[in-house]
Amino acid sequence: MKAAVLVAILGLIAAPPPARLSPASGTVDLGARWTTKLTYRGPAPKLTAVRGTQSRAFTVTRVRKGVYRASVAPDAIGRWTVKARVAGKTLRLGTFTVRPALTNAVDVVVLPDGRLLVPDLANYVYAAPAGGALAVAAGNGRPGSSGDDGPASAAAVGFPVEVAVDPGGGFAVVQGSRVRHVGADGTITTVGVFDSPTALAYDAQRDLFVSALGGRVLRVDAGTGSATAYATGLNQPHGLALDVAGNLYICDVGNHRIERVDRRTGELTTAAAGLGVPVDLTLGPDGSLYVADFGDNRIVRIAGGTLIQIVTAAGPNSVAVDGTGAVYFTERTRPHVRRVDPATGRVTTALGR
């Protein structure tokens, strides 16, 4: 009996103390690194952050004997568990939570309730009031495309680049070669697979217009789902918008102009020229056009044939206008949405940093 007790005591003395984290819990924005201190008397153990089937390795750096600095940048929103492999055993050392944050906002539209809808290249689509907290409207943080007929927030919506509000409820999103639809109830489905789709717009009848880099705009019939050519002979068409009469406006990127398709005749005419690289456009409450001119680093307003610069921007890639006339835009590789006050012209950050 005494021998067994002695062996147990010697084992405790010889064994290294358990690994500890400080802090052992916390919260971090998506795209940022969570950093903690690891205390362990021995060689640095392997640390991993685990969420479901996802696993991300920590970077572990020795600070001094028995003390290490550990950090990780997880790429999905939610709660992660920190685990360590020590002496042949897996230990659970703590948890941290990753909250929604913009990392690279690539489009912005205004929802009917005034909230902003923003796809982000971190594989999420967010909805939020200006200045408010982000909520996931679609995406689980993973690349690829999955989850049809289920909740959009649990589906993979990899690389979402453009969104459009469905007048019947919900929205459509371009991700890769797919166009997908998120219904008012949050269910996601695939509308179709297209050749290099770039932008979307709905008309009042819920027909969906899809631009494609190959030089045309397709119309997807709301009733049948069939796609037919609506405008051709374009040069890398991108942003799309419709006016109250149903006329379609197209960013004809390669020709540095805005084209207009007459709803009744189908005739294609130039609505505005002399732009740098127009990549997105929208209609304001007064019917004037607002254009994100990526090439000339500006947002412009076009009314009565006159072009007026609203604000300079660093490679603007989208533009939206709300019912008050406030202008919103995103900028290339930036983690924010900017807002231009319609009365003062003052520019502030509406979402992100």
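User: What is the relative accessible area of Arg20?
Analyst: Arg20 counts as partly exposed, a class lying between buried (under 20% relative accessible area) and exposed (over 50%), with a 1.4 Å probe and protein chains only. This is a predicted model, in which local features need pLDDT of at least 70 and side-chain atom pairs pLDDT 80 or more, while totals for chains, interfaces and linings use all residues. Residues are numbered from 1 along each chain as its sequence is written, and side-chain values use heavy atoms, without hydrogens and water. For Arg20, the relative accessible area is 46%.

User: Which residue is the bridge partner of Thr48 in S8?
Analyst: Strands here are DSSP runs (E, at least two residues), numbered from the N terminus, and two of them pair if DSSP finds at least two bridges between them. Strands S4 (residues 46–51) and S8 (residues 78–86) run antiparallel, joined by 5 bridges. Within S8, Thr48 is partnered by Lys83.

User: Which residue in the turn of the S8 and S9 hairpin has a positive phi?
Analyst: S8 runs antiparallel to S9 (residues 89–99), with 9 bridges joining them. The hairpin leaves 2 residues between these strands. The positive phi, about 50°, belongs to Ala87.

User: How many residues apart in sequence are the parts tied together by Arg301 and Asp286?
Analyst: Arg301 and Asp286 form a salt bridge, with the closest N and O atoms 2.9 Å apart; the term needs a side-chain nitrogen of Lys or Arg within 4 Å of a carboxyl oxygen of Asp or Glu. Arg301 lies in strand S29 (residues 298–303) and Asp286 in the loop between S27 and S28, so the pair ties together parts whose separation in sequence is 15 residues.

Definitions and conventions:
Helices (H or I, at least four residues) and strands (E, at least two) are DSSP runs, numbered from the N terminus.
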